[in-house]
Amino acid sequence: MITTGQKRVPWSWAILITMPAFVLQLCESVSGNALTFTLRKFTEDPALITLIGSSAIFFNFLISPYICWKSDRVWTRLGRRRPFLILGSLGTAAGLLFIPMAPSLAWVIVPILIYHMFFEFAFWGPFEPLINEVVPVHQRGRTGAIKAVFHNLGTISFGLILIGQFDKVFLGGKLSGETMIYWIAAAFCVLIAMHFAFSVRETYAAPLPVTERFSPFSFARDLFGEFQWRMVYLLVFIQISLQAGLANLAPLLMTEQFHYTKATMGQLEALGNMSRVFLFLPIAGILTDRVDRIKLLLFGVTVSTLQPILYWGYIQFLAPGKIPPIPMIIFFDWLNAGADVMANISLAALFFDFIPRKRMGTVYAGMTFVRGLMKLLVVNGVGIWVKYYSRWLIADGKNDYSSGMLFLFSVGVFGVAMTLYVARQRKNGRLVEYGRMEAEEAPSFAIPNKEAVSV
C-alpha cells in the first residue's frame, strides 16, 4: 500500500504512484491527435480546431485550481486528494466513451467538454501534489524521470499502436478504429480510478483552517498574495514556453502539409519518445539530483527556444519542396526532445523545492490557473497566427501550419528571460527553498488514516 508523508520510500512506490502518467499522456495524445482528426471531419478552420481542442484549458484555470485549493482544506475517509482523482478519472472515461458517437460538430462538443473537464479535474488537479506527498525531496528528481518514462510510454503506445488504426474498421465494419481509440483510453481511465481507490493511502494531515467563506477575493489572495508563490508561477510560464507546440495543428502539418500518413506520423512520434525514454531521461534524472536545477533549466529553455526558428528556416529555405525528409524531422524532434527533457525534469523537482507540504494543494492551484491561462493563450495564439499568416502571406490560400513555429520562438524568448529573472531572485535570497528545508528538518509522518474530520 502506497502511503504519503514518509521520509524515504521504496522505488516501487515511486513507480506505482507515477504510473497514472501513462494514462495522462495517452489522453493527451487522444486530445492532440485523434481529436484533431475527429474535428477535421466537421471543419477545416485552424482557429476553430484549436479553440475546441483547447477547451480543456478553460477548465485548467477555472476548475482545477479550486479543486487543488480545496484539497488542502478537507479530510475524508479516502483522504484529501484521492476522492477528486477517483471521480475525475471516471468522468474522463465517460466523456471519452461518447465522443466518437457524435454525428455533428455541435453534438461532439458536449462529450468533449465532459471529457476535458474531468481530465483537468483529476490529472491537472491533485495528482501532482499527491505524488510529492508520497515522494520526499531527495527522491523527486529520479521520480520525475520515472514519471516522464510513463508519459513517454503513453505517447509511444499511442503512436505505434493506436493512431494508425484511426481510419480502419473492425468486427466486420461494426467498430471503427476511431471509436476503438477513444474506448481504449476510457478503459485505462477506469483502471486508474481503481488504482487510486485500492492502492494508495493518505496519512492524516490536518487540513488548513477555513477561517472565512469561500470568495473569489480570498481565493485569489491565497494563491497570489505572496511573492514566493508568484515566483513559482513564473516557473510555470517557463514550463509552458518549453512545452509550447503546434497543438492540434501538429498532426495537420504532418498529414496535410508534409503529406505523410497517420501511421508514419505516429511512428515518428513514437521514435522521438523512445529517444526521450532510453537516452535523455536517464541522463536528466541523474543530473537533476546532482546539478543546480536552475542551470539545467536555463540550458534546456535556451535550446528549446532555438529549435522552432531553426526548423522553420530549414523548411522554408533548405527542404526539397518545403517538405523535410524523415531523417531531418527526426533530427529536429530529437533536438527539441533533449532540451525539453532536461528542462522539464529539473522543473518537476524544482517546483516543490519551494513549496511546504501543507501548501502544496494551494500553490499547485495557482500553478494550474497560470498554466491553464498561458496554455489557452499560446494554443489559440498559434491557431490565430497560422490562420492570418496563411490568409495574408500564402498565395494559394492553403494553411501554412509550419508558420506557427515563428510564434513559438517568440514565446520561448520570454521563457529564457523569465528563467534568468527567477535565477536572480533565488540568488538574492528572495525565493526560498521551503520544501527542501522542511524535508531536512521534519520527522517522518506515521499517523494512521483517520475518520473524516471535515468535508
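This briefing looks at the salt bridges in the structure above. The model is predicted, so local features need pLDDT of at least 70 and side-chain atom pairs count only at pLDDT 80 or more, while totals for chains, interfaces and linings use all residues. Residues are numbered from 1 along each chain as its sequence is written, and side-chain values use heavy atoms, with hydrogens and water left out.

Side chains of opposite charge can pair when their charged atoms come close. The structure holds nine salt bridges (a side-chain nitrogen of Lys or Arg within 4 Å of a carboxyl oxygen of Asp or Glu).

**A pair between helices α13 and α2**

- Glu256 and Arg40 form a salt bridge, with 2.8 Å between the closest N and O atoms.
- Glu256 sits in helix α13 (residues 250-257) and Arg40 in helix α2 (residues 20-40), so this pair ties together parts 216 residues apart in sequence. Helices here are DSSP runs (H or I, at least four residues), numbered from the N terminus.
- Glu256 is partly exposed, at 31% relative accessible area, and Arg40 is partly exposed at 25%. Partly exposed lies between buried (under 20% relative accessible area) and exposed (over 50%), using a 1.4 Å probe and protein chains only.

**Buried pairs**

- In the salt bridge of Glu128 with Lys147, the closest N and O atoms are 3.3 Å apart.
- This pair links distant parts of the chain, from Glu128 in helix α8 (residues 127-134) to Lys147 in helix α9 (residues 140-162), 19 residues apart.
- Glu128 and Lys147 are both buried.
- Asp72 pairs with Arg81 in a salt bridge, its closest N and O atoms 3.1 Å apart, and both residues are buried.

Notes: Helices (H or I, at least four residues) and strands (E, at least two) are DSSP runs, numbered from the N terminus.
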